[in-house]
Amino acid sequence: DLQTGGQTNCAVCNKMCVLSAVTQTVGVLLGVLLAVATVRCTTGAARPLPLTFVLGAQIVQNATSRSWHASAHLQSRALAACAFARATRFVVNGGYNVGVRYNETSLFAHANFSFAAFARARWQPSEAQVARGVLQRDCHVQAADVLLEETSATTDENAAAAALLLRRTNFLPGIARTTVHVLTNFDHMARALPAFQAALCAQVADVAPIFAEDWVALFDVAHAKRWYEFAATRYAPPLRDKIIAVMQARQCGDLRATVADLYEAPTSCGAGARARRAT
């Protein structure tokens with residue numbers, strides 16, 4: 001069994017961050033404490049992150065109870081977001097997409113963007129609603145700290161809706177001088193981060209990624225094995241082995257390890273976007 005904790009030197013904090021060694025049998029409460037401690041070290045600042053966009057994904061229906069719950073993809077993102085529950089406000093992206101992008105159990109090969117499909121989709125919960133349920137149930141995020149964006153059906157629409165929110169007067173005072181974050185899975189980030197950078201870099205100081213794989217096993221300590229299995233089925237070798245190695249290293253206390261080191265695309269807006277904003 002893996003243990004979480006140990007000691008890690010957070011260079012950006014310029015101090016030693018001491019984490020108590022605990023086993024997986026320790027419950028979610030200590031998992032939350034660990035996650036909050038690691039956020040402070042890895043962000044390098046005591047002040048909160050201003051805003052994090054948590055991207056939606058498929059929801060699925062229980063065949064017996066007929067209730068809707070998060071798919072593994074969506075749950076991994078929401079639980080990773082729990083690691084930042086005391087350090088940010090969330091916009092949870094994801095509209096009413098049952099019958100539009102997928103049915104009760106599986107994704108469609110081709111989306112149905114018809115008027116009728118979107119009208120019927122409102123009979124079921126949105127992806128954002130289901131993700132908010134995870135945030136409130138598992139990490140007690142306050143309702144006032146979560147905004148649901150429930151119109152989008154694609155990653156590009158997630159980004160477009162985010163841009164609309166940030167253009168609204170006084171949405172978050174001072175947001176133009178800060179970095180906003182996009183939280184999703186590693187393989188989705190290659191599509192999501194460029195879309196959000198294209199949409200937002202002219203409005204904020206920077207748009208930076210948060211990878212769900214870096215945080216989900218740290219927060220959801222009691223079910224860490226499940227998230228290793230999730231990574232094992234989601235990714236093919238050799239990437240699979242590298243991602244799992246990072247997850248294990250972080251759970252054992254090495255918070256310098258990050259799947260961001262495996263991400264090959266630009267992770268910041270760059271000088272071009274800042275020049276456009278200045279004009």
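Start by selecting Tyr 263: this residue is buried, with a relative accessible area of 10% (buried means under 20%, exposed over 50%, partly exposed in between, using a 1.4 Å probe and protein chains only). You are looking at a predicted model, where local features need pLDDT of at least 70, side-chain atom pairs count only at pLDDT 80 or more, and totals for chains, interfaces and linings use all residues. Residues are numbered from 1 along each chain as its sequence is written, and side-chain values use heavy atoms, with hydrogens and water left out.

Rings of Phe, Tyr and Trp (its six-membered ring) pair if their centres lie within 6.5 Å; planes under 30 degrees apart count as stacked, over 60 as edge-to-face and the rest as tilted.

Now show the cartoon. Phe 186 belongs to helix 6 (residues 186-200), while Tyr 263 is in the loop between helix 9 (239-251) and helix 10 (270-278), so the pair links distant parts of the chain, 77 residues apart. Helices (H or I, at least four residues) and strands (E, at least two) are DSSP runs, numbered from the N terminus.

The structure holds eight aromatic pairs.

Finally, zoom out: the protein has 10 helices and nine strands, and 50% of its 279 residues count as buried.
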